[in-house]
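Please look at the sequence and the structure together before reading on.

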Amino acid sequence: MRIPVQKKNNAARDRARPDQNPEEEIAHLRKELGDMEWACRKTNDGIKILYKDLEWKNEELKKLDKLRSKFVSTVSHELRTPLAIIIQAIENLLAGAFGPVPEKQRLWLDRINENAEHLSGLLAEILDLSKLENGKEERKLERFDMSDLVRHCVDNMQPLAQKKNISLLLEIPPASPTVWASSRQLFQVMTNLMGNALKFSPAGGKITVAFEEDKSTVRVSVTDTGPGISAEDLKKIFDPFVQVENDSSENVSTKGIGLGLTICREIVHLHKGRIWAESEPGHGSRFVFEIPRESQ
């Protein structure tokens with residue numbers, strides 16, 4: 001049997017030559033080490049330059065983001081005052097403050113008022129998100145009964161559900177857990193989630209609001225029988241200005257600007273919680289948020 005002989009690399013073979021001058025070999029190795037050291041220094045210098053460049057670009061992005069937030073906040077504030085005056089004037093006209101209003105004019109005034117109120121709501125969303133992103137949102141923490149808050153939200157939405165012929169069901173445990181959180185902000189989360197469910201659910205559909213709890217967390221879910229959301233859209237559903245297009249979108253009379261779910265996410269994260277959506281096309285959607293019972 002032939003025994004294989006392991007081949008050595010050229011460098012090792014050269015060093016094994018008995019006729020090679022040891023001083024030349026040492027000089028050669030020193031030169032190789034010097035070349036490697038120079039290359040390492042150059043690479044390190046390049047990394048430092050790239051790091052400084054990234055730091056500078058990051059600072060510029062932060063400045064631009066602050067400028068964007070300030071611009072959005074300022075413009076929204078400036079628009080709210082004249083818009084409030086317009087809405088008040090329309091309401092005065094509808095109330096007959098300046099004389100009787102013919103039925104045809106009343107119809108058009110109602111439409112103007114509806115759209116003005118919708119615009120006011122959009123401005124409020126922009127301002128809310130701006131405050132949340134900049135940490136300027138006032139947050140009053142208090143201890144309250146979470147099941148009472150959920151029940152209150154459902155009661156508020158019942159008239160709209162009945163108008164659209166949608167069943168609005170509530171499932172809550174017999175116990176009444178308390179949480180330390182902002183009731184106003186969680187009410188806003190609930191209102192946004194239920195509003196979306198009502199907006200995209202068809203007549204004759206069903207929405208179920210469920211509430212669960214354990215020793216450390218509370219969880220609220222809103223499940224609808226709407227058109228559902230694709231897996232691709234689920235990845236970005238909570239991003240700003242994202243609006244999912246589906247068959248029912250064309251029938252929605254008052255489209256938003258895609259900030260409602262973003263605001264929900266910011267509020268839930270502010271409470272050290274998490275929020276997510278579960279859905280597939282044709283099988284409805286389920287939005288869930290979970291927060292600690294003792295938010296900081």
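Is Lys236 buried or exposed, or does Lys236 count as partly exposed? With a relative accessible area of 35%, Lys236 is partly exposed; here buried means under 20% relative accessible area, exposed means over 50%, and partly exposed lies in between, with a 1.4 Å probe and protein chains only. The model is a predicted one, in which local features need pLDDT of at least 70 and side-chain atom pairs count only at pLDDT 80 or more, while totals for chains, interfaces and linings use all residues. Residues are numbered from 1 along each chain as its sequence is written, and side-chain values use heavy atoms, with hydrogens and water left out.

Lys236 has a charged partner. Its side chain meets that of Asp233 in a salt bridge at 3.8 Å, N to O, the term being used for a side-chain nitrogen of Lys or Arg within 4 Å of a carboxyl oxygen of Asp or Glu. Helices (H or I, at least four residues) and strands (E, at least two) are DSSP runs, numbered from the N terminus. Arg293 is buried, with a relative accessible area of 19%, whereas Glu213 is partly exposed, at 31%.

A further salt bridge is formed by the side chains of Arg265 and Asp239, at 3.7 Å, N to O. This pair links distant parts of the chain, with Arg265 in helix H7 and Asp239 in the loop between helix H6 (231-234) and H7, 26 residues apart. Asp239 counts as partly exposed, at 32% relative accessibility.

The axes of H3 (residues 103-133) and H7 (residues 260-270) come within 10 Å and cross at roughly 30°; axes are lines fitted to C-alpha atoms, for helices over the stretch in contact, and angles run from 0 to 180 degrees between N-to-C directions. H3 and H7 are therefore roughly parallel to each other, since angles under 35 degrees count as roughly parallel, over 145 as roughly antiparallel, 65 to 115 as roughly perpendicular and the rest as oblique. The contact, meaning heavy atoms within 4.5 Å, is made by residues including Glu125 and Leu129 of H3 and Ile263 and Glu266 of H7.
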